[in-house]
Amino acid sequence: MIVDRQGRQFRNLRVSLTSACNYACTYCVPNGKRLVAAQDELSAEAMARGVAYLIEAAGIERLRITGGEPLVSPKLETFMTAVGQMGLADISLTTNGQLLAKKLPLLVDAGIRRINVSLDTLDADAFRSIARGGDLATVLSGMDQARAAGIKIKVNMVPLRGQNLDQVMPLLDYCLERGYELRFIELMRMGHLASDSNAFLQQFVSLKQLLSQIGERYEYLQADAPVDATAVRYEIPGRGYFGVIANESVPFCRTCSRLRLSSTGWLHGCLSSSNRHYVGDLLDKPRHQALPALQRLLVKALGDKQEVAFSGGATIMKIIGG
Ligand code: SAM
């Protein structure tokens with residue numbers, strides 16, 4: 001097993017199935033261009049082989065399928081069928097929910113039991129101006145159908161000053177009523193926000209600000225979370241839970257166990273590092289040749305992790321896999 005000086009290991013793999021997305025969220029895709037897949041994306045078979053090799057070489061236990069938007073990818077079915085047979089402890093998916101209803105039978109058949117849906121507002125106008133694609137009612141209906149099919153839903157919201165702060169309480173209530181766990185994600189200095197401090201600071205909303213807004217209505221208590229969790233979790237007694245992924249306020253680099261594989265075959269050990277390691281060529285090689293080379297790259301990727309705190313990254317989330 002590959003372990004660093006701080007005792008960190010890769011246990012959680014995020015695979016960006018494609019960099020194409022049917023949204024172009026203002027904080028993620030600055031040029032507003034949707035559905036742009038990289039020219040040299042790997043096949044579903046190569047990506048699934050990547051997962052199998054990484055389970056062996058790095059000790060991956062849990063997989064999250066993300067993107068881009070994973071549900072727009074034609075690779076989804078083949079990839080999910082293959083990874084579903086690898087004995088992973090957990091397979092989950094992060095989606096904007098636009099195609100959730102349509103892809104639900106496939107997800108249920110593949111054994112998906114947990115989905116994170118990114119939803120920044122319940123206001124249709126604000127939705128259009130933040131996501132720059134998709135339709136709010138379709139997302140909400142997809143979530144209802146997934147819940148009815150027994151899938152556990154978490155909702156990811158990025159609070160943005162001046163754009164959706166008025167939605168913190170409506171979204172929290174909406175989620176509490178339906179048993180969805182809402183995760184606020186503090187805005188991260190990724191892509192254009194890494195180099196434009198003003199744009200970042202103008203929009204950034206901290207954990208403290210969120211808790212103060214929520215505290216005006218609800219009493220909450222800090223709740224248990226796994227050691228390598230990214231979110232600080234809270235319980236509103238009698239109502240449910242919410243969490244905050246507080247990259248800036250409560251950095252979690254010291255316990256980070258995440259590894260990312262991009263749709264073009266690059267390993268990223270840290271969102272905050274510009275280092276990446278190409279494994280696309282190894283995935284066509286037989287196991288006995290691929291694994292030793294992969295292990296050498298994994299040592300490098302683990303060494304890319306920040307010691308303490310996230311400090312920003314030039315790559316945008318939809319490329320690296322959010
Ligand atoms: N398309 C899928 C979705 O919408 O969930 C998966 C990919 S998306 C890049 C994954 C998550 O990254 C979303 O919840 C999105 O809000 C978040 N994200 C993207 N850029 C971000 C940033 N700069 N700061 C915080 N979260 C970001």
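**View 1. The lining of the second largest pocket, sorted by residue class.** In this predicted model, the lining of the second largest pocket is made up of 10 nonpolar, three polar and one charged residues. The volume of this second largest pocket comes to about 180 Å³. There are 14 residues in its lining, and those that lie closest to the centre of the pocket are A229, T230, A231, V232 and V250.

View 2. The shell around the ligand holds 19 residues, of which Y27, G68, E69, S118 and M188 are the closest.

View 3. Which atom of the ligand lies 3.0 Å from an N or O atom in the side chain of E69? It is a nitrogen atom of the ligand that is found at this distance from the side chain of E69. An oxygen atom of the ligand, in turn, lies 2.5 Å from a polar atom in the side chain of S118. At M188 the backbone takes part, with one of its N or O atoms placed 2.9 Å from a nitrogen atom of the ligand. The ligand taken alone would expose 550 Å², and 95% of that area is buried by the protein.

View 4. How many cavities of 30 Å³ or more does a search of the whole structure find? The search finds one, and the largest cavity contains about 40 Å³ of space. The residues that line the largest cavity are R114, I115, N116, K152, I153, K154 and E181. Two strands, β4 (114–118) and β5 (152–157), each contribute at least two residues to this lining. Sorted by class, the lining of the largest cavity consists of two nonpolar, one polar and four charged residues.

**View 5. E41 and the residues it touches.** Where in the chain is E41 placed? E41 sits in the loop that runs between β1 (12–16) and α1 (44–58). A polar atom in the side chain of E41 lies 2.9 Å from the backbone nitrogen of S19, and the side chain of E41 also makes a polar contact, at 2.9 Å, with the side chain of S263. Leaving aside residues up to four places away in sequence, E41 touches L17, T18, S19, K75, S263 and T264.

Key. Residues numbered from 1 in each chain as written. Predicted model: local features only at pLDDT ≥ 70, side-chain atom pairs only at ≥ 80, totals over all residues. Heavy atoms only, no water. Near = heavy atom within 4 Å. Polar contact = N/O pair within 3.5 Å; in protein donor to acceptor, adjacent residues only side chain to side chain. Areas by Shrake-Rupley, 256 points an atom, 1.4 Å probe, with all protein chains shown as cover. 1 Å grid on protein atoms, 1.4 Å probe; cavity = no way out; pocket = protein on both sides within 12 Å on 5 of 7 lines; lining within 4 Å. Points joined across faces, edges and corners; volume = space filled by probe spheres on them. Helix = DSSP H or I, 4+ residues; strand = E, 2+ residues; numbered from the N terminus. Nonpolar A, V, L, I, M, F, W, Y, C, P; charged D, E, K, R; others polar. Contact = heavy atoms within 4.5 Å.
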